[in-house]
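Thanks for making the time this morning.

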Amino acid sequence: MKHAAVIAALLALGGCGDGGRGASVEERPLEITKGAATTGELAVVAIVTTPPSCGPAASTATCTGTLIAPRAVLTAGHCVDDQAASVVDFGATVGAPGTERRRVIAAARHPQYSRDDSAHDLAILWLDAPSSFTPVALPPSSAAPAPGDTVVFVGFGQTRDPAEPEGVRRTGTARLTAATERTLTYSAAPSMTCQGDSGGPVFTVEGGEERLVGVISAGDRDCREAGTAARLDAALDEFVLPTLAAPPLGEAGTPLSCEGNCARDVDCRPGLVCRQARDGANRCAISGFEPGELGVACARDVDCGEGNACATTFEGCRCYTPCAGPDAPEAVE
């Protein structure tokens, strides 16, 4: 997508930070400050965590990602910590009517990923079906951004402006200040990434055309000074291309069940976490609930009976019943 006009317009604005290699998880960026809302950049998606209970609470964008193949979204490795990446939205506003939404069925992180290091902060999410949108082309392995370059980023994060709505795709520009073999560091010029932009793309612009060079990773807590991105060209041959060449055959991980066991969150399907059930076994559960099973459709908790909840699922609201403990009475037929 051509960006010369966008860059010229944004240089009249201001910025907020997202940088510092080795930033803590609390400082990870989750909205672009001093940027501009865009209905373009259609391959840039919101990674969404839906509220566990059905009701008026809206879905929120916890991270951002970029479609790089019909079923594959590139994002930051820390965006799949705690199995939070459950669905992606392809619209300009999270949850808008008619937005294409795809379920995440598997996730792969860079094999050298660390929560405390931006160098390998990369992951690929696999979708349940191909998207109708056109993926962003991957850069050549020879791509070499340099300090002084203007970079463009896109994300669904915070603006730190109470007058601006949440969950809107925005774009902004910054100045590249340093480039190592594995990371890119940028400062506000005039925009800056913030909480919610993690995993979003960093582009350079050559001849009016964007080139994907990095993935937003970390930044300062106040979103004012600097940001750090994982450099993409260094990870192409060792992670991105091999992962794209081996798509999952089916949905990965243990499903929601009162039978299957797990040891860690990563053993469960995306969107689920591993928790101890009433019988003492570890089973996969919807985040925010104890292990259980889904039942009939519902609208509110009261529709599901005492002790049960009306839970949010990709297919709609369903009654969620906790797994029985070892002393549960037998059902009387």
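Cys262 and Cys274 are joined by a disulfide, with 2.0 Å from sulfur to sulfur, and please keep in mind throughout that what you see here is a predicted model. The torsion about the S-S bond of Cys262 and Cys274 comes to about 95°, so this disulfide is right-handed. Cys262 sits in the loop between helix H2 (236-244) and strand S14 (272-276), while Cys274 belongs to strand S14 itself, so the pair ties together parts that are twelve residues apart in sequence. As for accessibility, Cys262 is buried at a relative accessible area of 11%, and Cys274, at 10%, counts as buried as well.

The loop between H2 and S14 also holds Cys268, which forms a disulfide with Cys284, the sulfur atoms being 2.1 Å apart. Here the angle about the S-S bond is -90°, and the link of Cys268 and Cys284 is left-handed. Because Cys284 lies in strand S15 (residues 282-286) and Cys268 in that loop, the pair ties together parts that are 16 residues apart in sequence. Are these two cysteines buried or exposed? Cys268 has a relative accessibility of 2% and counts as buried, and Cys284, at 0%, is likewise buried.

How many disulfides does a search of the whole structure find? The search finds seven, and one of them is formed by Cys54 and Cys317, whose sulfur atoms are 1.9 Å apart. This pair links distant parts of the chain, since Cys54 is in the loop between strand S2 (44-49) and strand S3 (60-69), whereas Cys317 is in strand S18 (residues 316-322), 263 residues apart. With -110° about the S-S bond, the link of Cys54 and Cys317 is left-handed. On the accessibility side, Cys54 is buried at 14%, whereas Cys317, with a relative accessible area of 27%, is partly exposed.

Ala123 lies in strand S7, which covers residues 123-127, and Ala123 is buried, with a relative accessible area of 0%. Setting aside residues up to four places away in sequence, Ala123 touches Val73, Leu74, Thr75, Ala76, Gly77, Val80, Ala108, Arg109 and Phe239. For Leu74, which is 49 residues from Ala123 along the chain, the C-alpha atoms of the two residues are separated by 5.9 Å.

Definitions and conventions:
Residues numbered from 1 in each chain as written. Predicted model: local features only at pLDDT ≥ 70, side-chain atom pairs only at ≥ 80, totals over all residues. Heavy atoms only, no water. Helix = DSSP H or I, 4+ residues; strand = E, 2+ residues; numbered from the N terminus. Buried < 20%, exposed > 50% of the residue type's maximum accessible area, 1.4 Å probe, protein only. Contact = heavy atoms within 4.5 Å. Disulfide = S-S within 2.5 Å.
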